[in-house]
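Me: Could you walk me through a structure that is new to me? I would like to learn by asking questions.

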Amino acid sequence: MSLSTVASEPFLSLANNEEYSRFTAMLCEKAGFVPHHAFEVDSHTLVEIIKLDQGVALLPVSVCRNLGLHFISIADQAAIYPISLSWVKHRMLSPSIQQFRAFITSYYESNAAQFKVRHDIR
């Protein structure tokens, strides 16, 4: 569904999370509207308000699945939030950092269907 479909719905947002707020505002702007923010709350309250069907929120699919929330994927191309894992190429990594890198890489490869995974190894 296009994000513009929910333009008239009350939006829920996370309090004290500027990055999340900017990303939400940018997505809505690209979809052609300014969201009406009904509530700005902590993450626990956000989930409870969503369960009461009192608004919509832009959340990762993985979060919705983990919390048992109903979700609809957004078709808009801008609705992608990049995350990265970086390290210095020719620097020795400690065993714990190597294990962490392997875990993160494995997690995203195993769950690629939930994410748009892109490998940019330079």
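This is a predicted model: local features need pLDDT of at least 70, side-chain atom pairs count only at pLDDT 80 or more; totals for chains, interfaces and linings use all residues.

Me: To begin, what pattern do the helices and strands follow along the sequence?

Reply: Happy to start there! The chain contains 4 helices and 2 strands. Read along the sequence, their order is β-α-β-α-α-α.

Me: What share of the chain's residues is buried?

Reply: A residue counts as buried when its relative accessible area is under 20%. The chain has 122 residues, and the buried share of them is 20%.

Me: Within what arc do the buried residues of α1 fall, seen down the helix axis?

Reply: Let's begin with the names: Y20, F23, T24, L27 and C28 are the buried residues of α1. In general, an α-helix has 3.6 residues a turn, so residues three or four places apart point the same way. Here the buried residues of α1 line one face of the helix, because seen down its axis they fall within an arc of 130°.

Me: How far does α1 reach from its first C-alpha to its last?

Reply: α1 has 13 residues, and at 1.5 Å a residue the expected reach is 18 Å. The model comes close to that expectation, with a reach of 18 Å.

Me: How many residues apart in sequence are the parts that the pair of F11 and F33 ties together?

Reply: F11 and F33 are both buried, and they form a tilted aromatic pair with 5.9 Å between centres and 45° between planes. F11 belongs to strand β1 (residues 10–14), while F33 is in the loop between α1 (18–30) and β2 (36–41), so the pair ties together parts that are apart in sequence by 22 residues.

Me: What kind of aromatic pair do Y107 and Y108 form?

Reply: Y107 is partly exposed at 34% relative accessible area, and Y108 is partly exposed too, at 25%. Their ring centres are 5.2 Å apart, with 85° between the planes. Planes over 60 degrees apart count as edge-to-face, so the pair of Y107 and Y108 is edge-to-face.

Me: Over the face of which residue does R101 lie?

Reply: This one involves a charge and a ring. At 4.5 Å from the ring centre, R101 lies over the face of W87.

Key:
Residues are numbered from 1 along each chain as its sequence is written. Side-chain values use heavy atoms; hydrogens and water are left out. Rings of Phe, Tyr and Trp (its six-membered ring) pair if their centres lie within 6.5 Å; planes under 30 degrees apart count as stacked, over 60 as edge-to-face and the rest as tilted. Buried means under 20% relative accessible area, exposed over 50%, partly exposed in between (1.4 Å probe, protein chains only). A charge sits over a ring if NZ of Lys or CZ of Arg is within 6 Å of the ring centre and within 35 degrees of the ring normal. The expected span of a helix is 1.5 Å times one less than its number of residues. The arc is that of the directions from the helix axis to the C-beta atoms.
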